[in-house]
Amino acid sequence: MEKTFNLTRRDDGIAILTMDVPGESMNTLKAQFGPEISEILAEIKSDSSIRGLVLISGKKDSFVAGADISMLDACKTASDAKALSQQGHVVFNELEALTIPVVAAIHGACLGGGLELALACHQRVCSDDGKTMLGVPEVQLGLLPGGGGTQRLPRLVGITTALDMMLTGKQIRPKQALKMGLVNDVVPQTILLQTAVEMALAGKRVPKPVKKSLVNQVLEGTSFGRNIIFDQATKQVEKKTQGNYPAPAKIIDCVRQGIAKGMQKGLEVEASHFAELVVSKESEALRSIFFATTEMKKETGAEGASPRKVKKAVILGGGLMGGGIASVTTTKAKIPVRVKDISEKGLSNALAYAYKLLDKGVKRRHMTPAARDNLMALMTTTTEYKGVKDADIVVEAVFEDLALKHQMVKDIERECGEHTIFASNTSSLPISQIAEAATRPENVIGLHYFSPVEKMPLVEVIAHAKTSPETIATTVAFARKQGKTPIVVQDGAGFYVNRILALYMNEAAQLLLEGQSVEHLDKALVKFGFPVGPITLLDEVGIDVGAKISPILEKELGERFKAPAAFDKLLGDDRKGRKNGKGFYQYGASSKKAKAVDESVYGVLGIKPGTNKDAKAVAERCVVQMLNEAVRCLEDGIIASPRDGDIGAIFGIGFPPFLGGPFHYIDTLGAANLVRILEGYQSQFGNRFEPCERLKTMAQENAHFF
């Protein structure tokens, strides 16, 4: 059997322990490594010629990317999970207890269990490479660092900094890591091993105390001050998670108990909390998302087709969407882009938009001004079709007007090559209708981004009946290079995301007209787990945009998509939302940080807010509409699988990740239960709540999606 850990001895008495998991591109920690490591540690202890130990990775671009998550799914019970954590503690304690100096030489990803391994070493040195990142992202999977991280990290970098790292899961760059005391040195990769060897030869050094801000020095120095830190952190966590995620509170408790009662007790608490989280339904849901997205990265989106290389892209339209798409294409995908707009103003907007985003990186010192200017140089502009002939893909981001889009298709077919893909960023027009103007319909596809483009991870790749598999595969690969998570959906009004969102938003509007206050509606759905409430979302997206999409959906999909008539009154009062500073909420300089509702909106709609219903009931009524429609989309073949439906809803509209997506959530509720709820509302409010056929069948057969 091939070994993962190999020990080599140097003439100067330093031993190098290289970790290289056979047959994998990244190192991950697995349970079966325990005995192998213990054996090597015993060998090191018994060899008096070894004066120091350096730990390094045999992989080109990563140290250790974390623990192997699939071993958590193998845990049948909490006690299995606890044993896993305790086994890690034993090995890391043995490593830390070595009497010779132990140095971790870090290049590339050093995350989760990888960082915990490095923390058990006496010193750490990392490369100054852009690929080098350190962090404990376990919280993003509903877990906590279970290999001693909740104990060693606060002792090394201070309580406040450690909590910030563990509660956000953020990744730390080399310079930052040095400043906070997470590593002892940062050097070029070429001399990483040599530096680590020299550190080991120099012997164990007493770590320099971390430079803390005055406030943190005062607070972390006394038990009274520490309690203030823990209480503040708990308050912030409750506000952010709305009590939906158990991991953050448990992380705080591990640190609190470890600092108060010592390392031994802290590790015991860590193992118990870790075990409870592994078997929690929240972590199970978050891990399912992780596995789904990992699996999707390996798929081309079209069976048997491989993508063509995209060497140049053209963006039509320099508005907010066009500017955002151009920006992720140059900065993330590093593909040259030509932006075409009819006006110089549109073009300067697109350039300014991209520059502003890049300049943030310069201000935060994540990139040099020269690097920013090199990326900006990838973006060029034109008001005529010049320099577009060799484009591999054209992304159209012009107004939602079919005649205009037909004109664009004709222009591109005339000006570009026969293989050029025409991708439309439409949010509601069926792609087959756009493709009607094409002589090469096989090159026409939908590529639906969400706003703001640089922040929203999802794109919908929409194939119509004539789109070629190669066009699909090329578009999916292009979207991935832009850092997006693409889902392939079939053509139809609203596609998938806007279709399930529309019914949810309409239901929130109905509740508003029935007398629920704006704040109460938004709070109820944030409490349920959405990042923002539906009314806030309507203001952000634009009330006018919603008004444009509704009739299209109603015409194509039927009566249940009819938007409340009262909404025309909002547009009559020129309320478009944030974009013109007039909507449901107050905007402008006078509005405080916490947004206030513009009370005059009730008068415009001709309603008086009455008594607020139970928040759970309010949320349920909006959410079941989304669930029912998601199953309908699966029934209609719009999405290929429940997995794609879950990913689309989570990444596209912020469906609560801890529920695992609409289809996982239906499995949790039970189809029969959901049908009962829907039928209850149907008898009360009419046929827009009628459960779809597939749900009824599933209810009878007690079937599940997963």
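## Strand 15 and its neighbours

In this predicted model, strand 14 (residues 421-424) and strand 15 run parallel and are paired over 3 bridges. One of those contacts to look for is A423, whose bridge partner in strand 15 is I445. On to strand 16 (residues 458-463): strand 15 is joined to strand 16 by 4 bridges, and here the two run antiparallel. L447 has V461 as its bridge partner in strand 16.

How many residues of strand 15 (residues 444-449) are buried? The count is 6 of its 6, so to speak a mostly covered strand by the 20% relative accessible area cut-off. In a regular strand the side chains alternate between the two faces of the sheet. Here V444, G446 and H448 point one way, I445, L447 and Y449 point the other way, and all are buried.

At the strand 12 end, strand 11 (residues 337-340) and strand 12 run parallel and are joined by 4 bridges. K340 has T382 as its bridge partner in strand 12.

## Helix 26 against helix 28

Two packed helices are described by the angle between their axes and the distance between the axes. For helix 26 (residues 615-635) and helix 28 (residues 662-669), the axes come within 10 Å and cross at roughly 110 degrees. That angle is why helix 26 counts as roughly perpendicular to helix 28. The crossing of helix 26 and helix 28 is left-handed.

Which residues make the contact? Helix 26 brings V623, L627, A630, V631 and L634, while helix 28 brings P662, F663, Y665, I666 and L669. By type, the contact splits into 10 nonpolar, no polar and no charged residues.

## Helix 21 and what it packs against

Helix 26 and helix 28 turn up again around helix 21 (residues 518-528): the buried residues of helix 21 pack against both, as well as against helix 20 (497-513), helix 22 (534-541) and helix 25 (600-605). Those buried residues are V518, H520, L521, D522, A524, L525 and F528. After helix 21 comes G529, with a positive phi near 130 degrees.

Notes:
Residues numbered from 1 in each chain as written. Predicted model: local features only at pLDDT ≥ 70, side-chain atom pairs only at ≥ 80, totals over all residues. Heavy atoms only, no water. Axes fitted to C-alpha atoms, helices over the stretch in contact; angles between N-to-C directions. Parallel < 35°, antiparallel > 145°, perpendicular 65-115°, else oblique. Left-handed = near helix turned anticlockwise from the far one by under 90°. Contact = heavy atoms within 4.5 Å. Nonpolar A, V, L, I, M, F, W, Y, C, P; charged D, E, K, R; others polar. Pairing = 2+ DSSP bridges. Buried < 20%, exposed > 50% of the residue type's maximum accessible area, 1.4 Å probe, protein only.
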